Each structure stands twice: as structure tokens, then as C-alpha cells.
Amino acid sequence: MLNLLFPRLCPACEMVLSQGERDLCTTCRHELPQTNYHLFHPNPVEQLFQGRIALQKATAFLKFQPNNKVQHLLHELKYHGQQSIGTCLGHWFGALLYESHFFGKIDFVIPVPISKQRHRLRGYNQVRKFAEALSLQLRSHCMTELLVKTKDVQSQVTLNANERAKILFNTFSINEDSPVNTNSRILLVDDLITTGATLESCAKTLNNAAYHHLSIAAIAITDNT
Ligand SMILES: [Zn+2]
């Protein structure tokens, strides 16, 4: 009855979900453009970070293009409170990563933090549910206490990757009270990789605190092909 009054919609295409369809419609599950980069090493995500930070492995689940379904999904996740999208994609991608043994053993999955101010405004970190689901699939732990975002960076649109990385560096810090051992195998997780500046900044902050075993996973990467 509730479904007739308030039909559940697929967050990627806005079509009404039929009974038995959860979170995403069957068409979108087939049509979402997966990168399959976890089947390759080195892959384009790893090449993007080459010479910038030392990583064990890196990958992203989906290809982001202007106006494609992935952009719509990320928009709904980030701005319209649809956190179940993060959970759904995290379980889906996590299962693929676990099956492929791409990362090997991961001790902690760490979502890129947002500032306290941003958290107050949005009410949630849009990466957290994705990170939690990934950690469950990878038989790991989601850790939100190690890395802290200390300030927001305004208007980066006109900056190039180098300039952006310089500003972003030092906007993250380490919580010294965190129980995470520096030998831990860490998977840093973000929603979208464009220039990679945010993840680079997080990784450098961790490196400076003697955390050197780092890998990266994102929901999507901007596809320029
Ligand atoms: Zn759909």
C-alpha cells in the first residue's frame, strides 16, 4: 500500500522499482559503467597517482561522465540524503574486490573525512556508508577516528591539480589518540576522483605520521575517454 502512495524510485534513473528490486533497478545494475580497474595492475587510477604518492593498489568502481547515471547517483548521495546508495554500491563493489583479491588483506577502511562544519550542514559524510559496506565485504574495519579534516577549502574550480594539492595539503590532520598502528594496511575511500588532489592530501598526511601501507578505492572516477 505504502509503495502505491509513495513508489520507491531507482536513484539512478528515477523509474519506479518493481517488487524484488532493491536500491537500484535491474536495468541500471546492468548499465552502470563499471571500470573493472580492479582486474588490472597498473590501472589508470594507479597511473594518476604515480609519482605523487606511493600506493599499494588503487581503483574506482564506476566511470563518471557529465549527465550520466553515475553523476546522478553521486548527486543524490551527496545532496539529497540518499545514503542507501553508498551502502548498495559499497556491498556490490566490496564483493567484487574481495573475490578478486585485488587489495589483499586490509586492516582499516578510512573514508575521506569532511569538516565538522560541513558535517553539521549536510548531516552526514557521504562516503561513510560506502566505506562501511566495503569494510564488511573485505572483512576489515571502518575507521573514522584516525584522519580529521581541519578546514574547508573554498572555490577550487579555477585551480589546477598542483595548486589544489598545495592548498589541500595541511587541511587534514591525524588524531593522535587513534588506536591504529602505523603498520596497518589502510584503504582510503572517497566518492569521486577528479584530479586526485583530496586523496593525495590525505595520503601525504598519513605518510607524514608514518602510515605507509596505503591503498585507494573510490566510488567513481571522471572518465575522459
Ligand atoms: Zn534505474
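View 1. Cys 25 is buried, because its relative accessible area is 6%, and buried means under 20% relative accessible area, exposed over 50% and partly exposed in between (1.4 Å probe, protein chains only). Cys 28 is also buried, with a relative accessibility of 0%. This is a predicted model: local features need pLDDT of at least 70, side-chain atom pairs count only at pLDDT 80 or more, and totals for chains, interfaces and linings use all residues. Residues are numbered from 1 along each chain as its sequence is written, and side-chain values use heavy atoms, with hydrogens and water left out. The zinc ion has as protein donors the SG atoms of Cys 10, Cys 13, Cys 25 and Cys 28, lying 2.3 Å from it. Donors are N, O and S atoms within 2.8 Å of the metal (3.2 Å for Na, K and Ca); water is not among the atoms, so sites may look incomplete. The arrangement is tetrahedral because the four donor atoms subtend angles of 104 to 115° around the zinc ion; four donors count as tetrahedral if all angles lie between 85 and 135 degrees. The sequence spacing of the donor residues is C-x2-C-x11-C-x2-C.

View 2. Asp 23 is found in the loop between helix 1 (2-5) and helix 2; helices (H or I, at least four residues) and strands (E, at least two) are DSSP runs, numbered from the N terminus. Its phi is near 65°, a positive value in a residue other than glycine. With a relative accessible area of 25%, Asp 23 is partly exposed. Ala 210, in the loop between helix 9 (197-208) and strand 7, has a positive phi of about 80° although it is not a glycine. Ala 210 is partly exposed, at 37% relative accessible area.

**View 3. The loop between helix 2 and helix 3.** Pro 42 lies in this loop, between helix 2 (26-31) and helix 3 (44-49). The peptide bond from His 41 to Pro 42 is cis, with omega near 5°. His 38 lies in the loop between helix 2 and helix 3 and is buried, with a relative accessible area of 7%. Leaving aside neighbours within four places in sequence, His 38 is in contact (heavy atoms within 4.5 Å) with Thr 59, Phe 93, Leu 96, Leu 97, Ser 100 and Phe 102.

**View 4. Helix 4 and its buried side.** Val 70, Leu 73, Leu 74, Glu 76 and Leu 77 are buried in helix 4 (residues 69-79). They lie on the same side of helix 4, because they cover an arc of only 160° around the axis, the arc being that of the directions from the helix axis to the C-beta atoms. The buried residues of helix 4 pack against strand 1 (58-64), helix 5 (84-100), strand 6 (186-193) and strand 7 (214-222). At the start of helix 4, a side-chain oxygen of Asn 68 reaches to within 3.2 Å of the backbone nitrogen of Val 70. Gly 81, which follows helix 4, has a positive phi near 70°.

**View 5. The largest nonpolar core.** A nonpolar core is a set of buried Ala, Val, Leu, Ile, Met, Phe, Trp, Tyr and Cys residues joined through side-chain atoms within 4.5 Å. The largest has 34 residues, and those with the most contacts inside it are Leu 24, Leu 89, Leu 134, Leu 187 and Val 189. Helix 5 gives the most to this core, with six residues.

Notes. Four donors count as tetrahedral if all angles lie between 85 and 135 degrees; four count as square planar and six as octahedral if opposite donors are over 155 degrees apart and all others between 65 and 115; anything else is irregular. A polar contact is a pair of N or O atoms within 3.5 Å; within protein, one must be able to donate a hydrogen and the other to accept it, and residues adjacent in sequence count only if both atoms are side-chain atoms.
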